[in-house]
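Student: I would like to learn how to read a protein model. Could we go through it feature by feature?

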Amino acid sequence: MKHYCFFIKHDIAWGSSKERIGNYLPSLTAQGHRYTVISLIPTRLSHSWIGGNPLPWGLRSVASFFHGHLLRYVKMLWLIRHAKQFDAIVIQKVTFPKLWLAWLKAKSRKLVFDFDDLCFRTPDLEKNASPMEHLRLRWNFFQDPRTLVYFDHILAGNKYLLQLATAAAPTNAILSTQEF
């Protein structure tokens with residue numbers, strides 16, 4: 001019996017978290033495995049951004065900062081602290097500071113990154129960016145693609161992301177989730 005950890009951006013019932021992770025959880029349970037799911041952004045906050053339960057702009061900004069920039073680090077520290085108890089950690093679309101990612105890699109048995117949206121600063125993304133745009137890219141946790149070398153396996157959601165992952169981490173096992 002194995003114990004997996006899924007560190008995901010939104011609640012497991014949301015969009016890509018549901019499609020790329022949630023749909024496979026019953027199969028893991030049926031095979032006798034255990035899992036832990038940690039969502040970075042709570043459903044209520046996600047609803048306020050998408051419009052399901054809109055909060056006033058000021059409250060939404062405070063909640064976004066609190067969850068996106070403070071609790072993010074608390075949850076990351078928890079994951080790093082407990083990494084050894086999991087047989088594999090699957091991170092879906094959540095970027096870590098480089099030093100913390102190296103720390104997590106050192107403490108984990110197997111580290112997998114799954115992404116279907118661009119979450120990396122690429123040369124073409126930064127080439128014509130203004131100083132404010134550079135700041136926004138860093139503030140929104142866009143990450144250097146070279147951090148992909150910290151992962152044992154990478155799941156890329158489309159051909160562009162597959163090419164980006166292959167260029168950044170050519171020796172890692174890179175899997176695609178789509179047929180080309």
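Student: Is Gln92 buried or exposed?

Tutor: Some ground rules come before the answer. This is a predicted model, in which local features need pLDDT of at least 70 and side-chain atom pairs count only at pLDDT 80 or more, while totals for chains, interfaces and linings use all residues. Residues are numbered from 1 along each chain as its sequence is written, and side-chain values use heavy atoms, with hydrogens and water left out. Buried means under 20% relative accessible area, exposed means over 50%, and partly exposed lies in between (1.4 Å probe, protein chains only). Gln92 has a relative accessible area of 0%, so Gln92 is buried.

Student: Where is Gln92 found, and which residues does Gln92 touch?

Tutor: Helices (H or I, at least four residues) and strands (E, at least two) are DSSP runs, numbered from the N terminus. Gln92 is found in strand E3. Contact means heavy atoms within 4.5 Å. Leaving out residues up to four places away in sequence, Gln92 touches Phe7, Ile8, Lys9, Ser16, Ser17, Arg20, Ile21 and Asp114. Ile21 is 71 residues from Gln92 along the chain, and their C-alpha atoms are separated by 8.4 Å.

Student: How far from the side chain of Gln92 is the backbone oxygen of Ser16?

Tutor: A polar contact is a pair of N or O atoms within 3.5 Å; within protein, one must be able to donate a hydrogen and the other to accept it, and residues adjacent in sequence count only if both atoms are side-chain atoms. A polar atom of the Gln92 side chain lies 3.2 Å from the backbone oxygen of Ser16.

Student: In what order do the strands of the sheet stand?

Tutor: Two strands pair if DSSP finds at least two bridges between them. Here 6 strands form an open sheet with parallel pairing, in the order E2-E1-E3-E4-E5-E6. Strand E2 (34–39) and strand E6 (173–176) are the edge strands, each pairing on one side only. For angles, axes are lines fitted to C-alpha atoms, for helices over the stretch in contact, and angles run from 0 to 180 degrees between N-to-C directions. With direction ignored, neighbouring strands of this sheet are turned by 15° against each other on average. Helix H8 (residues 159–168) lies across strand E4 (111–115), strand E5 (153–156) and E6, and runs at about 180° to E6.

Student: Over how many bridges do E1 and E2 pair?

Tutor: Strand E1 (residues 3–8) pairs with E2 in the parallel sense over 6 bridges. Tyr4 stands opposite Tyr35 in E2. His3 is also found in strand E1. His3 counts as buried because its relative accessibility is 9%. The His3 side chain makes polar contacts with the side chain of Arg34 (3.2 Å) and with that of Thr36 (2.8 Å).

Student: Which residues have the most contacts inside the largest nonpolar core?

Tutor: A nonpolar core is a set of buried Ala, Val, Leu, Ile, Met, Phe, Trp, Tyr and Cys residues joined through side-chain atoms within 4.5 Å. The largest one has 31 residues, and those with the most contacts inside it are Phe7, Leu79, Ile89, Ile91, Phe96, Leu104 and Phe115. Elements giving two or more residues to this core are E1, helix H4 (57–82), strand E3 (88–92), helix H5 (98–107), E4, E5 and H8. H8 supplies the largest share, 5 residues. A second, separate core has 9 residues, including Ile21, Leu25, Val90 and Val112.

Student: How many salt bridges are there?

Tutor: Side chains of opposite charge can pair when their charged atoms come close. A salt bridge is a side-chain nitrogen of Lys or Arg within 4 Å of a carboxyl oxygen of Asp or Glu. By this rule the count is 4. In one of them, Asp114 pairs with Arg20, with the closest N and O atoms 2.3 Å apart. Asp114 lies in strand E4 and Arg20 in helix H1 (residues 15–20), so this pair ties together parts 94 residues apart in sequence. Both Asp114 and Arg20 are buried.

Student: What does Lys105 pair with?

Tutor: The side chains of Lys105 and Asp152 meet in a salt bridge (2.6 Å, N to O). Asp152 is in the loop between helix H7 (131–139) and E5, and Lys105 is in helix H5, 47 residues apart. Asp152 is partly exposed, with a relative accessible area of 24%, and Lys105 counts as partly exposed at 27% relative accessibility.
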